[in-house]
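Keep the view open beside the text and look up each residue as it is named.

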Amino acid sequence: MLKATRPLRATDWSSTLNLPRSSLPARPLLSKRPAYIKQCSDDLYAWQAANRPASDIFVLHDGPPYANGGLHTGHALNKILKDIFCRFQLSRGKRVHYVPGWDCHGLPIEMKALQAAMGDKGASDGAAHTKMSPIEIRKAARELAARTIEEQKKNFREWAIMGDWDNAWQTMQKDFELKQLQVFKEMVDKGKVGPFRLAVW
C-alpha cells in the first residue's frame with residue numbers, strides 16, 4: 001500500500017491546476033464595494049444616456065412599489081428582473097431610459113402611519129387612530145412615505161439597480177398630482193366618468 005510521504009496542504013493543489021495568473025484580488029475589497037457598485041450602476045447609466053443614440057431608445061415603464069415599508073424578496077425579484085432587461089437592451093447598443101418611482105397613496109401607507117401613531121401613543125390605547133383627523137392621518141402618511149422612499153432608494157442603489165435615481169418620481173409630488181387631476185378632469189368633460197372627489201396629500 002502506498003503511503004503519502006507528507007500530508008497535502010490546500011496550497012499544494014494550486015500548483016496542480018493550470019489557471020491564469022492575475023494581480024487582481026479574488027473579490028473586491030469590502031471598502032471599495034460602494035465605488036464598484038456606483039461604477040456599474042449610476043456611472044454606467046449616466047454614460048449610456050450621454051453616449052448612446054437617442055434614436056434607438058428602450059424605455060422601461062415600471063410599476064412603482066408602495067412607500068410603506070422595508071424591502072423584501074418581492075422587491076428584489078421585481079427590480080432585479082427589470083434591471084436584467086435594461087442591461088440586456090444596453091448590451092444591444094440601445095439607450096436605456098428608466099426613471100424609478102413610488103406609489104405614495106392608498107390604504108397600505110395610511111395603515112402603516114396609523115400603526116406608527118398607535119405605537120407612539122401606547123399600544124394599550126387601541127383607539128388612538130380615532131383621535132386623528134383625516135388631515136393628521138394624511139400628514140403622517142406623507143411623512144412615512146418620504147422616509148420610506150429614502151430608505152428604499154438607498155437599498156435599491158446598494159443592489160446596483162441601474163436607473164435615474166436622482167430624478168425619481170413620487171405620486172405625492174404636487175406636479176404629479178396636478179397632472180393626474182387634469183387627466184381626470186378631461187375624462188369628466190368627455191363624459192367618461194361621473195363627478196368625483198379626490199383627497200390630495
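Predicted model: local features only at pLDDT ≥ 70, side-chain atom pairs only at ≥ 80, totals over all residues.

Lys79 sits in helix H4, while Asp62 belongs to the loop between strand E1 (57–59) and H4, so the pair ties together parts that are 17 residues apart in sequence.

Asp62 also turns up in the surroundings of Lys82. Apart from neighbours within four places in sequence, Lys82 is in contact with Leu60, Asp62 and Gly63. Lys82 has its place in helix H4, and the side chains of Lys82 and Asn78 are joined by a polar contact of 3.1 Å. Is Lys82 buried or exposed? Lys82 counts as buried because its relative accessible area is 19%, and the cut-off for buried is under 20%.

Asp83 is buried, with a relative accessible area of 9%, whereas Arg87 counts as partly exposed at 25%.

Which residues make up the nonpolar surface patch of about 590 Å²? The patch is formed by Leu77, Ile80, Leu81, Ile84, Phe85 and Trp159. One of these residues, Ile84, is found in helix H4, which covers residues 73–91.

Arg157 is partly exposed, with a relative accessible area of 24%, and Asp166 counts as exposed at 65%. Through shared partners, salt bridges join Asp42, Arg157 and Asp166 into one network.

## Aromatic pairs

Now look for the rings. A pair of aromatic rings is described by the distance of the centres and the angle of the planes. The structure holds five such pairs. One of them is formed by Phe156 and Trp165, which are stacked with 5.7 Å from centre to centre and 25° between the planes. Phe156 and Trp165 are both buried.

Trp169 and Phe176 form a stacked pair too, with their centres 5.4 Å apart and 5° between the planes. Trp169 counts as partly exposed at 23% relative accessibility, and Phe176 is partly exposed as well, with a relative accessible area of 24%. Ring pairs also link Trp102, Phe156, Trp159 and Trp165 into a cluster. Trp159 is a residue you have met already, as part of the nonpolar surface patch.

Where is Ala145? Ala145 lies in helix H6, which spans residues 134–158. Its relative accessibility is 0%, so Ala145 counts as buried. Leaving out residues up to four places away in sequence, Ala145 touches Ala67, Cys104, Ile109 and Met172.

Ala145 and Trp102 are 43 residues apart in sequence, and their C-alpha atoms are 8.9 Å apart in space.

## The chain as a whole

With these details in view, step back to the protein chain. Its secondary structure comes to seven helices and four strands. Following the sequence, the elements come in the pattern α-α-α-β-α-β-β-α-α-β-α. The chain has 201 residues, and 27% of them count as buried.

Contacts and surface complete the picture. Among contacts between residues at least 6 apart in sequence, 78% join residues at least 24 apart. The accessible surface of the chain comes to about 14,200 Å², and 60% of that area belongs to carbon and sulfur atoms.

Methods:
Residues numbered from 1 in each chain as written. Heavy atoms only, no water. Patch = residues over 30% accessible without salt bridge, like charges linked within 9 Å, V, L, I, M, F, W, Y side chains within 5 Å. Areas by Shrake-Rupley, 256 points an atom, 1.4 Å probe, with all protein chains shown as cover. Salt bridge = Lys/Arg side-chain N within 4 Å of Asp/Glu carboxyl O. Helix = DSSP H or I, 4+ residues; strand = E, 2+ residues; numbered from the N terminus. Buried < 20%, exposed > 50% of the residue type's maximum accessible area, 1.4 Å probe, protein only. Polar contact = N/O pair within 3.5 Å; in protein donor to acceptor, adjacent residues only side chain to side chain. Contact = heavy atoms within 4.5 Å. Phe/Tyr/Trp six-rings, centres within 6.5 Å; stacked < 30°, edge-to-face > 60°.
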